[in-house]
Amino acid sequence: MNRRIALFLIHLLGCLLFLSLPYLFADNGFAKLAELPTNPHERRNLLSYGLTVAFFYANYYYLIPRLFVERHYGLYAVSVVGSFLLIQTALSVVNQGGGLPQPVDAPAGETRFPPPPPHGHTGSPPFPNDGRPVPPPGSAAPLPNGRPHPPGLPPEISQTFFLFLAGLLLSLAIRINNRWRETERERIRTELLYLKAQINPHFLFNTLNSIYSLAIEQSPSTADAVVQLSSFLRYVITEGRQDRVALSHELAYIGHYIALQRLRMVDTVQVSYKAPTAVNGYQIAPLLLISFIENAFKYGVSPQEPSRIDIRIEVVTGGQLHLKVSNQKVRVADPTAVGSGIGLSNTKARLQLLYPGRHELVIRDEPDTFAVELDISLL
């Protein structure tokens, strides 16, 4: 509701500013408003600005969505031309109404108008003192230097056309820009949903494989693994579909995942995990960090040789999150870590969409180790 009120106030202030333009730069300023009852030119001027505002909103909210966007270009052009002719007709009526004769002073209860000039006499000589003829009624008066007006539209029609064209182009530009932004947001939303649809089964398959291994070994940790899986899936289903989640929930989810992996680890694997505990107030896109951690467990664990995985997450002042994940490369990858290998590529794509210009990802792929460092601005 607050956004709608703010938008209404912005439109209102914009309209008032536009209507005040002819008085902001005039010699007498807003004092010219006092001439509206007696000066038809001022009335026409103010009405032309008001009708331009009316056409702007009619074009923005009706003509463009109903005709231009629906590709009815011919009907849209006819509507625009008809709107201009309608505005020009209304202004002409105002001009004609302003030219009526004004009553002269008369005794109380009697109204007198100035008598018309005698036939053939206009009250002034047909030729001024300099010998120039008086222009016939209805024609444009000559310029002060004696030269006639240049050919073209009369000044008042030119002003009306300019205002009308400005309203037309501005409404088109704003509407097309808004439509492009809505299309872009929808494209990003669709792409993110597609990426999430790939990520969630990817995690699920790896976790089920881990529990399957525990069940084959008849490990007493199987029940704990099922509890960890329940917390794992609850987060994916309830919060994984949101645009942003609390950073504390994302870290708890990572903790469940690491605890689930540790249940099936042998003594040859050392896992070091450090994460902050006080991260209240920060939010992050869900299922964003887990891909790098999952990748370390998938390619850095081997039951035949010693291996080590280091995971560190820090949040420094200013909302800067730093993630570092490193693992040793093993000759025999974890056979239970079956996946499509699309986790990292999807995460890179999500980072580009969700944090453009607000993240830095560095991947070091060396012969014996694989390391990932990620910095994200959460504010």
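## Helix H8 and its cover

A residue is called buried when its relative accessible area is under 20%, exposed when that area is over 50%, and partly exposed in between, using a 1.4 Å probe and protein chains only. Helices are DSSP runs of H or I with at least four residues and strands are runs of E with at least two, both numbered from the N terminus. In this predicted model, local features need a pLDDT of at least 70 and side-chain atom pairs count only at pLDDT 80 or more, whereas totals for chains, interfaces and linings use all residues. Residues are numbered from 1 along each chain as its sequence is written, and side-chain values use heavy atoms, with hydrogens and water left out.

By these criteria helix H8, which spans residues 290-299, is mostly covered, with 9 of its 10 residues buried. The buried set consists of Ile-290, Ser-291, Phe-292, Ile-293, Glu-294, Asn-295, Ala-296, Phe-297 and Lys-298. Asn-295, a residue of helix H8, counts as buried because its relative accessibility is 12%. Leaving aside residues up to four places away in sequence, Asn-295 touches Leu-344 and Phe-370, where contact means heavy atoms within 4.5 Å.

## Salt bridges

The structure holds 3 salt bridges, each defined as a side-chain nitrogen of Lys or Arg within 4 Å of a carboxyl oxygen of Asp or Glu. Side chains of opposite charge can pair when their charged atoms come close. In one of the bridges Asp-365 pairs with Lys-329, and the closest N and O atoms are 2.3 Å apart. Asp-365 belongs to strand S6 (residues 359-365) and Lys-329 to the loop between strand S5 (320-328) and helix H9 (343-354), so this pair ties together parts that are 36 residues apart in sequence. Asp-365 is exposed at 53% relative accessibility, while Lys-329 is partly exposed at 35%.

A salt bridge also joins the side chains of Glu-373 and Arg-364, with an N to O distance of 2.7 Å; Arg-364 is partly exposed, at 37% relative accessibility. Arg-308 and Asp-310 form another, their closest N and O atoms being 3.1 Å apart. Arg-308 counts as partly exposed at 34% relative accessibility, and Asp-310 counts as partly exposed at 23%.

## A nonpolar surface patch

Ile-5, Phe-8, Leu-9, Leu-12, Leu-13 and Leu-16 form a nonpolar patch on the surface, with about 600 Å² of accessible area together. Patches are made of residues with over 30% relative accessible area and no salt bridge, like charges being joined within 9 Å and nonpolar side chains (Val, Leu, Ile, Met, Phe, Trp, Tyr) within 5 Å. Leu-12 is placed in helix H1, residues 2-19, and is partly exposed with a relative accessible area of 39%. An α-helix has 3.6 residues a turn, so residues three or four places apart point the same way.

## The chain as a whole

The protein chain has 9 helices and 7 strands, and 34% of its 379 residues count as buried. Among contacts with a separation of 6 or more, 70% come from residues 24 or more positions apart. The accessible surface comes to about 23,400 Å², of which 61% belongs to carbon and sulfur atoms; such areas come from the Shrake-Rupley method with a 1.4 Å probe, and for residues only the protein chains shown count as cover.

## Confidence

The average pLDDT, the predictor's confidence in each residue from 0 to 100, is 77 for the protein chain, and 75% of the residues score at least 70. Over residues 119-130 the pLDDT is below 50, and this stretch has 8 contacts in the model beyond near neighbours in sequence. Residues 137-141 also have a pLDDT below 50, with 4 contacts beyond near neighbours in sequence. Where pLDDT is low, the predicted coordinates should not be read in detail.
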